[in-house]
Amino acid sequence: MSSQFSKEMEKLKGKWKVTVDKTMKDFSKEAFFLKKAAMANESLAKSKKELPNGLVLTRIEL
Amino acid sequence: MHLEKYDCQTTADGESFTFESVGPKGVIRKIINYQPLPWLIGSIQVVNLAFGDWNFETRSIDELVVSNNSDRDKVLATIAFTALDYMAQNGKVAIHIKGITPAKTRLYQMGINAHRAEIEQLYIVYGQLEEEWHPFESGHNYESFLIFKK
């Protein structure tokens, strides 16, 4: 990440605090979030693959 | 963009965030999660942003709850800042956003629209309309959004 981008990010975020909590539950396997990811996947699959800037959406294996 | 927002806790991998919404309905635990999706934009990984309330009785996420805790803008600003944090930690990623209902998608749209000038200084925002992607503009009801670093 460029240092200029880092500076801009810090300006945007201001005094907002994010604390890493190693004991916090990982919610990635929650049924709700898995369902939302499946919905997003389906939505992207149905969408046109070419974006306005010329880049292309490509499906991959995770 | 020095908005009022809630401080958050995050997991070591930075894929889940949590914070407490405080208002007339009490203290509500909010959960935000970022899930990698099997899609790339060019070489940029697409991840899905999802958000819900933690139900302490069922020990699961409430899908359709509308908490009405009189802090909508503060909650939206907090979600936006977790997205900035996630993108800052993970480098080149594109964030996909789609509410579980059209009403929830419109809430995200209002949040993007309210801070569009600041967001677009650093990020490209596209909205999906009838399967096509367009540069984000006010006055459309988009079905989903893609946001990534310029």
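Colleague: Which residues does B:N48 touch, not counting residues up to four places away in sequence?

Modeller: B:N48 touches A:K36, A:A37 and A:A40 of chain A, and B:N33, B:Y34, B:Q35, B:L37 and B:H96 of chain B. Contact means heavy atoms within 4.5 Å. This is a predicted model, in which local features need pLDDT of at least 70 and side-chain atom pairs count only at pLDDT 80 or more, while totals for chains, interfaces and linings use all residues. Residues are numbered from 1 along each chain as its sequence is written, chains are lettered from A in the order in which they are written, and side-chain values use heavy atoms, leaving out hydrogens and water.

Colleague: Why is B:N48 called buried?

Modeller: Its relative accessibility is 2%. Buried means under 20% relative accessible area, exposed over 50%, and partly exposed in between, with a 1.4 Å probe and protein chains only. B:N48 therefore counts as buried. Its place is in strand β4 (residues 44–55) of chain B; strands are DSSP runs of E with at least two residues, and helices are runs of H or I with at least four, numbered from the N terminus.

Colleague: What makes the pairing of B:N48 with B:H96 a polar contact?

Modeller: The two side chains come to 3.0 Å. The term asks for a pair of N or O atoms within 3.5 Å; within protein, one must be able to donate a hydrogen and the other to accept it, and residues adjacent in sequence count only if both atoms are side-chain atoms.

Colleague: Why are α1(B) and α2(B) called roughly perpendicular?

Modeller: The axes of helix α1 (residues 72–90) and helix α2 (residues 102–114) of chain B come within 10 Å and cross at roughly 80°. Angles of 65 to 115 degrees count as roughly perpendicular, under 35 as roughly parallel, over 145 as roughly antiparallel, and the rest as oblique. So α1(B) is roughly perpendicular to α2(B). The contact is made by B:R72, B:L76 and B:I79 of α1(B) with B:L107, B:Y108, B:M110 and B:G111 of α2(B).

Colleague: What is the phi of B:E130, and is B:E130 buried or exposed?

Modeller: Phi of B:E130 is near 45°, a positive value in a residue other than glycine. B:E130 lies in the loop between β7 (123–129) and β8 (132–135) of chain B. With a relative accessible area of 69%, B:E130 is exposed.

Colleague: Why is B:E131 called partly exposed?

Modeller: B:E131 has a relative accessible area of 38%, so B:E131 counts as partly exposed. B:E131 is also found in the loop between β7 and β8 of chain B, and its phi is near 75°.

Terms used. Axes are lines fitted to C-alpha atoms, for helices over the stretch in contact, and angles run from 0 to 180 degrees between N-to-C directions.
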